[in-house]
Amino acid sequence: AFQRIPFLLAMLSLFMFGTSRPLLTLSLVALAPFLSGVTGGIGFSAWQELTANVIPKERMASVWALRSIIGSVVGIVAGMTIKLVLARYPGTTGYGILHAIVVALMMMSYGIFALIREPPRREHADTQRRPFLAYMRELPGLIRSEPQVRAFIGASACSKGIFIMLPFLGIHALDATGEPEAFLGLLVSSQMTGGLTGNFFAGWLGNRCGGKILMAISRTIYIGSCLLAIMTKSNAVF
């Protein structure tokens, strides 16, 4: 629920105070993805645990790929919607409409999520329930003693570097190409088309070869994308 409330508040602010109280509106709009991300991060391990308990292991790669494919299809439609809405309603009104669409879709997702029924969990014989801080105190020793854990944490941490660039990539693309704001819609559609194509491939290869080769391919493409973004001013390349 707390993943969705910030976007509702941002939407209301855009419609009600978009021009009269711009600082308040800007603050709520900027905080919406931050707060949604924080609350989503708190529940992410539980989400992974739920997924592992509901989805058969041999179908995990294809299910995650299907999830991303659905997201990409929604994103392609979103890209076209962004272009149309911002071209017709520039400024806070247009962004208010886009946030309203987001809120409607997120509430729909909440309703569908509520339909999931997790099967009963079988506790392991060696499971000991301890306080959260006790687990946290064990982490340094685990990291020191397990090279695989160190490698996994290091790769995961460094891979998040892409999120340093992504929030500014659309702004940079507009600046480099000189295109109007509505060009962002085309960029979103292009991104989602790439996600759609990549996840069809990932679902097929992941079930056969596991996740490591897919992660290596994706990181190589990330690095190439960063270099291209620095060097190009071409609409087509963006």
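**Terms first.** I call a residue buried when its relative accessible area is under 20%, exposed when it is over 50%, and partly exposed in between. I am working from a predicted model.

**Entry 1: Leu205.** I looked up Leu205 and found it in helix 8, which spans residues 183-209. Its relative accessibility is 9%, so Leu205 counts as buried. I then checked a distance from this residue. Leu24 is 181 residues away from Leu205 along the chain, and their C-alpha atoms are 47 Å apart.

**Entry 2: the chain as a whole.** I wanted the overall layout next. How many helices and strands are there in the protein chain? I count nine helices and zero strands. Read from the N terminus, the order of elements is α-α-α-α-α-α-α-α-α. Along the principal axes, the C-alpha atoms fill a box of roughly 60 × 40 × 35 Å. The chain has 238 residues, and 21% of them are buried. Leu205 is buried too.

**Entry 3: Gly210.** I moved on to Gly210. This residue sits in the loop that links helix 8 to helix 9 (212-231). Is Gly210 buried, partly exposed or exposed? Its relative accessibility is 28%, so Gly210 counts as partly exposed.

**Entry 4: a nonpolar surface patch.** One patch covers about 770 Å². Which residues make this nonpolar patch? I list Leu66, Ile70, Val74, Ile101, Leu105, Met108, Ile112 and Leu115. Helix 3 (60-88) and helix 4 (92-113) each supply at least two of the patch residues. Helix 4 gives the most, with four residues.

Val74 belongs to helix 3.

Entry 5: Last, I turned to pockets. Rolling a probe the size of a water molecule over the atoms shows where empty space is left. The second largest pocket has a volume of about 270 Å³. Which residues line the second largest pocket? I find Ser45, Ala46, Gln48, Glu49 and Arg121 in its lining. Sorted by class, the lining holds one nonpolar, two polar and two charged residues.

Terms used
Residues numbered from 1 in each chain as written. Predicted model: local features only at pLDDT ≥ 70, side-chain atom pairs only at ≥ 80, totals over all residues. Heavy atoms only, no water. 1 Å grid on protein atoms, 1.4 Å probe; cavity = no way out; pocket = protein on both sides within 12 Å on 5 of 7 lines; lining within 4 Å. Points joined across faces, edges and corners; volume = space filled by probe spheres on them. Nonpolar A, V, L, I, M, F, W, Y, C, P; charged D, E, K, R; others polar. Patch = residues over 30% accessible without salt bridge, like charges linked within 9 Å, V, L, I, M, F, W, Y side chains within 5 Å. Areas by Shrake-Rupley, 256 points an atom, 1.4 Å probe, with all protein chains shown as cover. Salt bridge = Lys/Arg side-chain N within 4 Å of Asp/Glu carboxyl O. Buried < 20%, exposed > 50% of the residue type's maximum accessible area, 1.4 Å probe, protein only.
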